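Please walk me through this structure in plain steps.

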Amino acid sequence: MKRIHFYILAFVFMGANLVIAQENKEDKPKGHINNNKFRQLYQEFATPNMYRTASGAPGKAYYQQQADYEMEIELDDKNQKIYGVETITYTNNSPDDLEYLWVQLDQNVRAKNSPAKLKNGARIPRLQRTSTFVGSYVADPFDGGFNIDYVKNAKGKPMSFTINQTMMRIDLPKALESGDKVSFSIKWWYNINNHVKKRGRSGYEFFEKDGNRAYVIAQFFPRMAVYNDVEGWQNYQFWGNGEFALPFGNYKVSITVPADHILDATGKLQNRKNVYSKEMMKRYQRALNSYDEPIIIVTQEEAEAAEKDFSNKKKTWKFYAENVRDFAFATSRKFIWDMQAVDINGKKVMAVSMYPKEGNPLWEKYSTKAVVSTLKTFSNHTFDYPYHKAISVHAKNQGMEYPMICWNYGRPSEDGSYSERTKFGMISVIIHEVGHNFFPMIVNSDERQWGWMDEGLDTFMQYLAEQDFAKAHPESVESTGGKYPSRRGEPSKIVPYMKGGQDRLSPIMSNPENVYQLGPNAYGKPATGLNILRETIMGHEAFDHAFKTYAQRWKFKHPTPEDFFRTMEDASGYDLDWFWRGWFYTTDFVDIGIESVKKFQVGTRKTGRGSFVYFVPEDDDRYKKENEGKSVVKNDENLKEFLMDNFSAEERATMGDPKYFYEVAFNKPGGLVMPIIVECTYEDGSKEMMKYPVQIWRKNDNRAKVVIASDKKIQNLQLDPKLETADIDTSNNMWPNEESQSDFNKFKEKNTIKQKK
């Protein structure tokens, strides 16, 4: 009967459960895809293939196109126009036959009717600079777009072309087969913009006092677009923020300017004796062997004298550049010129600076020194600088880079005085722009799509180079206590950006045109992430080896983000998918806190199954205050017996003697996982740093627990004491919790005290 009742009851319960199950069917939690922070990046990454391998290296079938240029350029200083005729020889190294070619017309962003001027919309501001108002609503719009006179084939016959904003498609009469070349010529001209008033990466500055102009000229010629295995033709329009994607090639360029101008450019000067004076040649020869200090090639006195006489004669400077992705030049009669030799592992490189008198005394004192230091640091961390020179040109409000030459800001007051902020700003921008010779001028990433691949990597390297500059020139950092005041790189510097409103944040993996705050997004956050990898997650040795491997694998090639991510893992042995996903693909932030700390005592118990240790929490009645701090190893007979039976005297002599046991729980209000770094301060004042790997979060994304067994009582715990992880909220980083006054309350209290006084 009992058994029957049992079955009946079981049936009743089963039936009831079936009814409840049906009723609650909709309430049951649903399944989910793999959302683990440590899952592999298979969904985000492109599939490896014969062009780009799973290791991040170029594949056996990797190819890249080549574009060679012959150009004759003339700059009209009186009318601020530039004219050019160029012949492009394009080699199709791809396996594809090409029906047409795409050429970039970046100056068309300055055309009168350019859509780029309308891309951001507008609103009526409450306050606006007079110059901005005049430029927007009063002055006649500047027309700086290309004027294309013709496009002709090698036989001089017109070619069919179509211009779409900043891109020009040239239609070929027959497809350019794989392995073949095609040559064609373009004749063009445009009005040069005033880059101070009209802004821009290229143009001139007008000096009203002496009536001269200093020109920094770039994006000045129709340039071949990239064709590759990733996107085919990279013909994304130039809207102004996303920079450039360019193939490598050889350049033969003749530039005609007024005879009293000083000029330098990408490439080797081919007719130095024709354009240098005898005195300049003597000074240049001295500079070739001066490794300790710059040699002045054109003095300030000579430049000031040249400012007064506007020659009607012309002079042509000829350059040849091999295996570069672009060409730029700077010219003016105002330029002072100095040079210094740099030894890059036995190879001589010339560090060069060009600047008007308005840049002195700051530029003469620091510019070339910054170039020298940058070349050394970047070469040590990547590859030996392969070109024969690197030029820093002074240009107001500029910071822009091209192969072997860059423009940089940093101008003293009219009386020659300057602040420390101006000095360090100038040194930093020179380091940054000269560093761009490595990324992307040689490691040739696609700036138009992935601004962070050159800006972020370069800003990270800039941080290292700034510290090296301070070591090489300690006199420059006396005012800052011997430390270079780097603007970006340290984790704490990115916190204000990462704790900002999500509606104004974008993942690093965004096109530069589509982000609100390009500086923090493409420069600061990637640089900070790499710094965290190097200092906190991987260590210098593993990171530096992997970073150098990436640079050497992809120098003079076109890498993608996946090539970088994969190489960093492949060469280091670190699985970093969790880091790339969180830091680069999301706008998540770091916020890790100490949720609780619980104390325990230890006891032992013998049973028939053996000897066991049990833990008693502090809030348990069995927890004895009188036993706190006592050695369980010495006082517990069961444990002493176990140790005597299972370990030799030599082994027992090396054992610890924990007297305090703590269970520490960490929570993670932020979305990003990071290693847990805890500084433990003991009652006797001593400190110990404990670091738990990031994998501690792999099974529970919200909470992690650790046990600290110590022979000393813990007084307090502090998370991330050196601010290594960019934690946006440090108020939950201490145990015991300390009431932290907000900056606002401190400010309010300070002002209240002032008012009472």
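The largest nonpolar core has 192 residues. A nonpolar core here is a set of buried Ala, Val, Leu, Ile, Met, Phe, Trp, Tyr and Cys residues joined through side-chain atoms within 4.5 Å. Buried means under 20% relative accessible area, exposed over 50%, and partly exposed in between, with a 1.4 Å probe and protein chains only. F220, Y276, W337, W407, F564 and W583 have the most contacts inside this core. Helix α8 gives the most to the core, with ten residues. In soluble globular proteins, nonpolar side chains tend to be buried together.

This is a predicted model, in which local features need pLDDT of at least 70, side-chain atom pairs count only at pLDDT 80 or more, and totals for chains, interfaces and linings use all residues. Residues are numbered from 1 along each chain as its sequence is written, and side-chain values use heavy atoms, leaving out hydrogens and water.

Now look at α8 itself. It covers residues 451–472. Of its 22 residues, 19 are buried, so the rest of the structure largely encloses α8. The expected span is 1.5 Å times one less than the number of residues.

Step back to the whole protein. There are 17 helices and 31 strands. These are DSSP runs numbered from the N terminus: helices are H or I with at least four residues, strands are E with at least two. Of the 757 residues, 51% count as buried. The C-alpha atoms fill a box of roughly 115 × 70 × 65 Å along the principal axes.

Next comes a sheet. Four strands form an open sheet in the order β8-β9-β18-β14, with antiparallel pairing. Two strands pair if DSSP finds at least two bridges between them. β8 (203–207) and β14 (262–265) are the edge strands; each has a single partner, so one side of each lacks a neighbour in the sheet. β14 joins β18 (residues 329–332) through four antiparallel bridges. In that pair, A265 stands opposite F329 of β18.

Finally, the cysteines. How many disulfides does a search of the whole structure find? It finds zero. A disulfide would be a pair of cysteine sulfur atoms within 2.5 Å. C406 counts as buried, at 1% relative accessibility. C680 is buried as well, with a relative accessible area of 0%.
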